[in-house]
Amino acid sequence: MQDVQTLIQKDRIPQHVAIIMDGNGRWAKQHGLQRMFGHKQGVQTVHNITTAAAELGIRYLTLYAFSTENWNRPQEEVDALMALLVDTIRKETPTLMENNVRLMTIGDLNRLPELTRQKFVECLEQTSHNTGLNLVLALSYSSRWEITNAFKRAIDDAQKGLLTADDIDDVKVSAYMTTAGIPDPDLLIRTSGEYRISNFLLWQLAYSELYFTNCLWPDFTVDEFYAAIVDYQHRERRFGKTSEQVSKI
């Protein structure tokens, strides 16, 4: 059986891959374990996929780690997730430094517990000069929150005389998003067999290729990741143009 990694075309690596990491709870249930064991196993998958992305030369890897809707989960689970985040940051920061990975974030960090936010900001600052993979964690994030926040910022600028209706185009709108300066995802991967975007990067995913797999996140291996990249490389991205137009570029 051919190694799936050998099928990857090195000259067609996506610049930005986004992942909805779904299925931790169901994985735990299937194994007769509490949900937190699924989340802990999912952290190992994050480590593996981040390493693989860096080795492939992907520039941005955005992971949907915690949505604004997740705050509505049982408080015990939320507290455990925040504690897991702190522990993961503490353990993984040396690895990020060793692998030249820069940690970034999108989302409302003000909602995070003080200790969690403090540790996260420390890691952001420590890795800020790294020049390899940009690992973007979507924490306390949802696209509707982001778009609402963008409207508020734009209205505030308009009231200050810094923005007029004639200034507004898709580039200007993107500049008000939390992803300003980050290229839109080329590929979105969602695990666990669900076919939803779940309030994630709704503006940015307009022309992204979508890849869905039944694999639960803790079971999502590096080979599964490679398979998604290979699938992406077999697609024709037309951005509204015809195949003939694209072939001339």
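These legends walk through several close-up views of the structure above. The model is predicted, with pLDDT of at least 70 required for local features and 80 or more for side-chain atom pairs, while totals for chains, interfaces and linings use all residues. Residues are numbered from 1 along each chain as its sequence is written, and side-chain values use heavy atoms, leaving out hydrogens and water.

**View 1. The largest nonpolar core holds 46 residues.** A nonpolar core is a set of buried Ala, Val, Leu, Ile, Met, Phe, Trp, Tyr and Cys residues joined through side-chain atoms within 4.5 Å. Buried means under 20% relative accessible area, exposed over 50%, and partly exposed in between, using a 1.4 Å probe and protein chains only. Look for Val17, Ile19, Ile58, Leu61, Ile189 and Phe225, the residues with the most contacts inside this core. Among the elements that each supply at least two of its residues are strand 1 (16–20), strand 2 (60–67) and helix 7 (222–233). Helices here are DSSP runs of H or I with at least four residues, and strands are runs of E with at least two, numbered from the N terminus. Helix 3 gives the most to the core, with seven residues. Apart from this core lies another, of 14 residues, including Ile20, Ala138, Tyr141 and Leu188.

**View 2. Helix 3 packs with helix 4, their axes coming within 9 Å and crossing at roughly 15°.** That angle makes helix 3 roughly parallel to helix 4; angles under 35 degrees count as roughly parallel, over 145 as roughly antiparallel, 65 to 115 as roughly perpendicular and the rest as oblique. Axes are lines fitted to C-alpha atoms, for helices over the stretch in contact, and angles run from 0 to 180 degrees between N-to-C directions. Contact means heavy atoms within 4.5 Å.

View 3. From helix 2, Arg35, Met36, His39, Lys40, Val43 and His47 meet Glu77, Ala80, Leu81, Leu84, Thr88, Glu92 and Thr95 of helix 3. Elsewhere in this view, Thr45 of helix 2 counts as buried at 3% relative accessibility. Leaving aside neighbours within four places in sequence, Thr45 is in contact with Trp217, Pro218 and Phe220.

**View 4. Ser192 sits in the loop between strand 5 and strand 6 (209–212).** With 8% relative accessibility, Ser192 counts as buried. Ser192 and Leu216 are 24 residues apart in sequence, yet 4.3 Å apart in space, C-alpha to C-alpha. Not counting residues up to four places away in sequence, Ser192 touches Asp22, Gly23, Arg26, Thr213, Asn214, Cys215 and Leu216.

View 5. Most residues other than glycine have a negative phi. Asn100, though not a glycine, has a positive phi of about 60°. Asn100 is in the loop between helix 3 and strand 3 (102–106) and counts as partly exposed at 29% relative accessibility. Ser140 has a positive phi too, near 50°. Ser140 lies in strand 4 and, at 0% relative accessibility, counts as buried.
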